[in-house]
Amino acid sequence: MKTNRRNFIKAGTFTTGGLFLGINFLASCKADVPLPKDLSKLNFKDFNSYIRISEDGYVSIYSANPEIGQGVKTSMPMIVAEELEIPWEKVHVEQTGLNSNWYERQVAGGSQSIRQGWDGLREAGATAREMLKQAAANRWEIDVAEVEAEQGAIVNQTTKEKLHYGQLVEDAAKLEVPEKVEFKKPKEYKIIGKDVSNVDLHKIVKGEPLFGLDYYEENMLYACAIRPPAFGQKLESFDATKAKSLDGVVDVFRFGDKIAIVANDTWTSFKAQKLVEAVWTSDEKLESSEDHASVLDTLLSAKNSEVLRNDGDVDQAFKEADEVIERTYAAPFLPHNCMEPMNFFADVKEGSARLVGPIQTPKWTQGRVAELLKIEAENVTIDMTRMGGGFGRRLYGGFALEAAEISSVMKRPIQMVFTREDDMTQGTYRPASKYKISASIKDGQLTGYKLKEACINGNMYGLIPNFFPAGALKNYRVEVAKYDSNITTGAWRAPYTNFLASCEQSFFDEIALVLKKDPVQMRLDLLENVKGNTDEKIEYSAERLQDVIRLAAEKSNWGKAKEGVHQGFVAYYCHNTHVAEVAEVEMVEGLPMVKKVVCAIDCGIVINPIAAKNQAEGGVIDGVGHSMFGHFQFKDGKPSASNFDKYRLIRMTEAPKVEVYFVENELDPTGLGEPTLPPAGGAVANAIFKASGRRLFNQPFINAFVDNNPLM
Amino acid sequence: MAQFKLHVNGTEKIVEVSEDMPLLWVLRDHLKLVGTKYGCGIAQCGACTVHIDGVAMRSCVLPVSQIENGMKITTIEGLSQNGDHPVQQAWKELDVPQCGYCQAGQMMTASALLADNKRPSEEEIKQAMHGNICRCATYNRILDGVKLASKKM
């Protein structure tokens, strides 16, 4: 999807010298902001993202998007630096806070930071470069065509004379901003496509303060909270006598249906949390996983569902079928379990609030804090720290609101922290869901396909119903139904597709078996049908998906595994990226062990290969881990696990070796934070079938092999 | 509240805290050494790993009162003077972290392993690192990082 944009860029000198360039990522929304006429009186609040060039030739590039470990604090500035034509060694990256006047989409979500920033970031760099070229040409009194930008300097192509950016910055800043600039060709790239270390790496390895929990201010107090232990409960009363008598406890008070505990340090607030005696009531149903299982089954068999895509005549195809395959798949709720528990710093004063912390959606948070405190949004500042993981959890900043509320009561700066138990039991979970998938087969051909989703609180959205295999089959239907629960749910890395892909791709394996086709060949054949499809909703490319399928098959030696090694194949498209994976499973003492995953990806131009590979590997292992072990149930509104002793996350001994291969092309970059995760579960399921003869329909898979596992 | 004398990263520190306060929180909130991370509080994730007399320990379950006088505590901030311990070098060369939150604990476990066993086998590395969760699942790179650091020891 191309955004129709009309970028504006503004430049000016800073009081300390230096060129600033602003750019609006989706400028059409902001086209009415006037260009400043007097550059020396420029109000920098008019700027969007910007570059600052110092007089000694160093460049600061501001990173506006939240960093959750996906690497955008490095890769987004790389794109600016590339077009600016500055050596990376001369670049200093700084994280900016929320500034809606300057930036659009300061969000970490949907694997969209690079894809949606691609044009805007290049424009920021290229515009500065062209202005510096013009400044040099003016100085030498020659045409701009006679100069080139090379590694932080403008070179006179005739005399070979050089002026570095710092010598030109002041002149450049006074020039008119060019309306149109040309981008470099991919073969000219010097930074994009090269391995660049994470800009925070030197701080991470030395343990320097970076994360939300590391944030500290003088005079700050520490707080935690007690929230209803079961979804659907309300606070009736509480006794804080014991908690308040604890040395170091500053205050304990009610806010809404929660209790705040404020202390002089984190540990004391945690300790006091356990001493508060609260009475909870409920007038709502306290739900259990058994209830969800039956309600989802009911939804799957009910007739009144919403049809999201309906091609051909599915019912007729099933009526005429020689054979019908029908399977139902189930997955539980999942907590996000970011390693850094939820937390936020807030300093609320009369009429204003200052918040600092890890948040994927700073703008949303600003608006909600303003509403809560009944103040103007412009008086709420949000600074973003590096985040100890996001995975979707930090899209929902309720914790930041809690921090603001506690600070407003205390009239002191506070840091509000979730214990691990709070984090796991007060989640915004991946919703439990079931899928029923059916295929009709006639004369040895797949003639019809229908999929029904039953899910808690929401359904697949956007173009998901049009992902592969949509477009490949004449008779095809996707329908959805949901059940509204009082358990809070939300986006969890690759929402919906994180389980949907696993089900569909496992189902494909069964179809292939019935059709007596190789699973790889069957997918390649299906994709042939997509070619020439003019449906605009079919945004995946059959050719690109076929390419990754072939690449994964080749790199994994598909079909030629050693004895005892069993391969499972998957190809999937999501977050604008095409991925194929081959999982290798061995049975060890009766248990399936995922030893290796080969992953082929087409995400267009790879900005930073060393980080992209890490991201892809992590996504695969995350997908393997949760499909194998992610077990989370509710009993009367209470979660079954509250810490890592009862909730099993994948660990090093269980992590497969992941081999990552990128398709090399010059196409615009697409998402990478999520797309390698959804295929992993299906690849594992298909490999386990070959290894054990057992077809798995319910996640986590390990439950099929373990009785009375204390962790399950 | 009681007073405790702690030897942290080569310096003597005096803190006045509750006796049952885990070392983790003494380090983080009272000594402002925030490199050591809170992950679970029950010794299950390894984010809080520090060295006590060279041995990797989970600081989140270690009450400050149990640290005997003279015991040397090393945190990630004290692993090396300039961030150039072989493990830190390897982590930088391979660009190991994603979010980075668990990595101090990973590096402290890895450095304790290598101090004890300079040339661990792959299986020994995996076993030693099993107690440290990385939610971003950078496990392949952590494994490579320990192997590379081993070569530098």
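User: What percentage of the 153 residues in chain B do buried residues make up, and what makes a residue buried?

Analyst: Buried residues make up 60% of the 153 residues in chain B. A residue is called buried if 20 or more other C-beta atoms, placed from the backbone, lie within 10 Å of its own, exposed if 12 or fewer do, and partly exposed in between. This is a predicted model, in which local features need pLDDT of at least 70 and side-chain atom pairs count only at pLDDT 80 or more, while totals for chains, interfaces and linings use all residues. Residues are numbered from 1 along each chain as its sequence is written, and chains are lettered from A and ligands numbered from 1 in the order in which they are written.

User: Why does the radius of gyration of chain B agree with that of a compact globule?

Analyst: The radius of gyration is taken over C-alpha atoms, and the globule rule is 2.2 Å times the number of residues to the power 0.38. For 153 residues a compact globule would come near 15 Å, and chain B has 15 Å, so the two agree. Along the principal axes, the C-alpha atoms of chain B fill a box of roughly 45 × 25 × 25 Å.

User: How many helices and strands are there in chain B, and what makes a run a helix or a strand?

Analyst: Helices (H or I, at least four residues) and strands (E, at least two) are DSSP runs, numbered from the N terminus. Chain B has five helices and five strands, and along the sequence they follow the pattern β-β-α-β-β-β-α-α-α-α.

User: Into which domains is chain B divided, and how many of their residues are in contact?

Analyst: Domain bounds come from an automatic or database domain assignment, and for chain B they give domain 1 (2-78) and domain 2 (86-152). Two residues are in contact if their C-beta atoms, placed from the backbone, lie within 7 Å. In chain B, 15 residues of domain 1 are in contact with twelve residues of domain 2. On the side of domain 1 of chain B that touches domain 2 of chain B, strand S3 (49-52) and strand S4 (55-58) each supply at least two residues, and S3(B) gives the most, with three.

User: How many residues does the contact take from chain B and from chain A, and which count as nonpolar, polar or charged?

Analyst: The contact takes 49 residues from chain B and 52 residues from chain A. H5(B) gives the most to the side of chain B that touches chain A, with five residues. Ala, Val, Leu, Ile, Met, Phe, Trp, Tyr, Cys and Pro count as nonpolar, Asp, Glu, Lys and Arg as charged, and the others, Gly among them, as polar. By that rule, the side of chain B that touches chain A divides into 25 nonpolar, 16 polar and eight charged residues.

User: Why are the buried residues of helix H3 of chain A said to be on one side or on several?

Analyst: In helix H3 (residues 165-173) of chain A, Tyr165(A), Gly166(A), Leu168(A), Val169(A), Ala172(A) and Ala173(A) are buried. The arc is that of the directions from the helix axis to the C-beta atoms. These residues cover an arc of only 150° around the axis, and therefore lie on the same side of H3(A).

User: What pLDDT does chain A average, and where is the pLDDT below 50?

Analyst: pLDDT is the predictor's confidence in each residue, from 0 to 100. Chain A averages 91, and 92% of the residues score at least 70. Over residues 1-19 of chain A, however, the pLDDT is below 50, and over residues 22-48 of chain A it stays under 50.
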